[in-house]
Amino acid sequence: MVKYQVLIADDEPAAGILIQKILERKCPDFQVVSIEENGQRVLDVMAKTPVDVVITDVIMPVMDGITLAARMKEEYPDTYVVIASGYQEFDYAKGAIQASVEDYLLKPMNPREVQTLFERIRKKLEKKYDIQRNQVLHSISNGTDAGVREKLPRLFPAEYYYAAVIRRNSVISRFGGGGSGEIFAAESEQLIIYGRDNMEMLYLCSEEMLVVDFEAMMDREFEKLRSEEDFLTMVICEERFALADLPEIVHDLYRKLDNSIVIGLEQKIFLNRPGKETFDRTRSEESFHRLLALTERRELSGMKKELEKLFLAWEEERCSQFWIEGKLRYFFYEMQNWGLLKDWNEYWLGDAFSQALTMSDLCSNILDILRQYADFEVAADRDDREAVFKKIVSYMKTHLGENLSVKVVCSEIGVSQATLSRLFHTYADTSYKNYLMNLRVEAAKRSFREYPESYIKDVAAYVGFSDQFYFSRVFRSVTGVSPSEYLEQMEREAEKEEKL
């Protein structure tokens, strides 16, 4: 548990000790690290060890409290300053306000007032540390973690941790399709959770928080996330590791995850255990070379059948998404090289994978791309595409609480997955999944505004989320605030309107 650091400045030792005792009794989340006799000593300490809150008297030798508050605002703007003094003259209060202090307390202090003030500060600090922790996890997860190691002990106070990552469906998109929006834990969750996009969750659990076996805990999380619409891949670091090793462990988890995902196959993988046996890929390699030969000879008529054979071989050999992506990218390069591909954009390949729940889906998606961009077959009628897009959006809006997987929507409207992907990139400049996510969040916001007394879990279900926590994470990734914070903002705005 984080103990927020407090530094007291008072030239009367007894007064400083009294403040410390009040905090110990009434504010257990705060810890006094030092009592100094003047403002200059506070700045000397802060230069070595920044703290969260400074409580300062006004009249002190060398540097008074108002001057200290002004210096703190300039040099340590993230530290909260509380003026504590027996002087009630307006000039002192005015000076404190101008120095942007958190509050002004009069001596002798009322313990209940101190408790109320520090509970307010605690909530602000909790949010600040949450943001900083997420920033560090973002840096680590996205390979920009230079300079984060010195921040780890303050943001992650436990000595040892366990970690795992669960991803829905395909590898995180590198082409502009798939999911978007980082995921963070809801405020009511004890685990530290981060996702590079809304299809993924990295779990961190401190040794102190672990009440059951970590593997068993992650098995429960895995079961909670399972659905008929998705396949899941989980990689577990079941052995505890020191906080200093966090960046390396996270990198290893992602590397293992990205190299292990097999389209349509649910997997539970251990980071530090030997992998499963590798498959003989002779059959798929022979099929792939036959496909390239057909491409070179421009024999389009035989390519469809050979592609179907190739995907069956890849499925039986449990080839990873990365492996298949590399092969398909080379294939499309050869199509362009021999003048068989009229147009090409790599986000089509990204969408083909992100929308595939089985290898059969993936094969169909690739064939759809070829039909439309390689004269592979006669392309479907391309007239009135905007009307089709509007029809899809209308269907989505009227069925938000139902299963709106790509396969379901394509079947209902009568379009291919490749066509659906292209329509959303053309008319919405985003992927289908991102568009659906934003539709659901906007619908949730409207529901909160119209029915502010509703339970968050009921609104989540109404807009198509079976898991309240996952809904809260997605809502926060889109709006920047959690559902409960959004409701609090609405309440404050309503109170302001009533006062006008």
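Colleague: Let us start with helices α9 and α10. How do their axes cross?
Modeller: In this predicted model, the axes of α9 (residues 282-296) and α10 (residues 300-316) come within 9 Å and cross at roughly 160°. The two helices are therefore roughly antiparallel to each other, since angles over 145 degrees count as such.

Colleague: Which residues of α9 and α10 make the contact?
Modeller: From α9, the contact is made by Arg283, Ser284, Ser287, Phe288, Arg290, Leu291, Leu294 and Thr295. From α10, the residues are Gly302, Met303, Glu306, Leu307, Lys309, Leu310, Leu312, Ala313, Trp314 and Glu316.

Colleague: How many of the residues in the contact of α9 with α10 are charged?
Modeller: There are 5 charged residues, alongside 9 nonpolar and 4 polar.

Colleague: And is the crossing of α9 and α10 left-handed or right-handed?
Modeller: α9 passes α10 in a left-handed crossing.

Colleague: What about the loop between α9 and α10?
Modeller: Arg298 lies in that loop. Arg298 has a positive phi of about 60°, although it is not a glycine. Its relative accessibility is 47%, so Arg298 counts as partly exposed.

Colleague: Next, α12 and α13. Where do their axes run relative to each other?
Modeller: The axes of α12 (residues 346-354) and α13 (residues 359-373) come within 8 Å and cross at roughly 150°. That angle makes α12 roughly antiparallel to α13. The crossing of α12 past α13 is right-handed.

Colleague: What makes that contact, by residue and by class?
Modeller: α12 contributes Trp348, Leu349, Ala352 and Phe353, while α13 contributes Leu362, Asn365, Ile366, Ile369 and Tyr373. By class, the contact of α12 with α13 has 8 nonpolar residues, 1 polar residue and no charged residues.

Colleague: Changing topic: which residues of α15 are buried?
Modeller: In α15 (residues 406-413), the buried residues are Val406, Val409, Cys410 and Ile413. They cover an arc of only 100° around the axis, which puts them on the same side of α15.

Colleague: What covers them?
Modeller: The cover for the buried residues of α15 includes α14 (385-398), α16 (417-427) and α17 (432-450).

Colleague: And just after α15, what does the backbone do?
Modeller: Gly414 takes a positive phi of about 85° there.

Colleague: Now Leu105. Where is it, and is it buried or exposed?
Modeller: Leu105 is in strand β5 (residues 103-106). At 8% relative accessibility, Leu105 counts as buried, because buried means under 20%.

Colleague: What does Leu105 touch?
Modeller: Leaving out residues up to four places away in sequence, Leu105 touches Val82, Ile83, Ala84, Ser85, Val114 and Leu117. The C-alpha atoms of Leu105 and Leu117 are separated by 9.3 Å, the two residues being 12 residues apart along the chain.

Colleague: Which residues does a cis peptide bond join?
Modeller: The bond joins Lys107 and Pro108, with omega about -5°. Pro108 is in the loop between β5 and α5.

How values were computed
Residues numbered from 1 in each chain as written. Predicted model: local features only at pLDDT ≥ 70, side-chain atom pairs only at ≥ 80, totals over all residues. Heavy atoms only, no water. Buried < 20%, exposed > 50% of the residue type's maximum accessible area, 1.4 Å probe, protein only. Helix = DSSP H or I, 4+ residues; strand = E, 2+ residues; numbered from the N terminus. Arc of directions from axis to C-beta. Contact = heavy atoms within 4.5 Å. Axes fitted to C-alpha atoms, helices over the stretch in contact; angles between N-to-C directions. Parallel < 35°, antiparallel > 145°, perpendicular 65-115°, else oblique. Left-handed = near helix turned anticlockwise from the far one by under 90°. Nonpolar A, V, L, I, M, F, W, Y, C, P; charged D, E, K, R; others polar.
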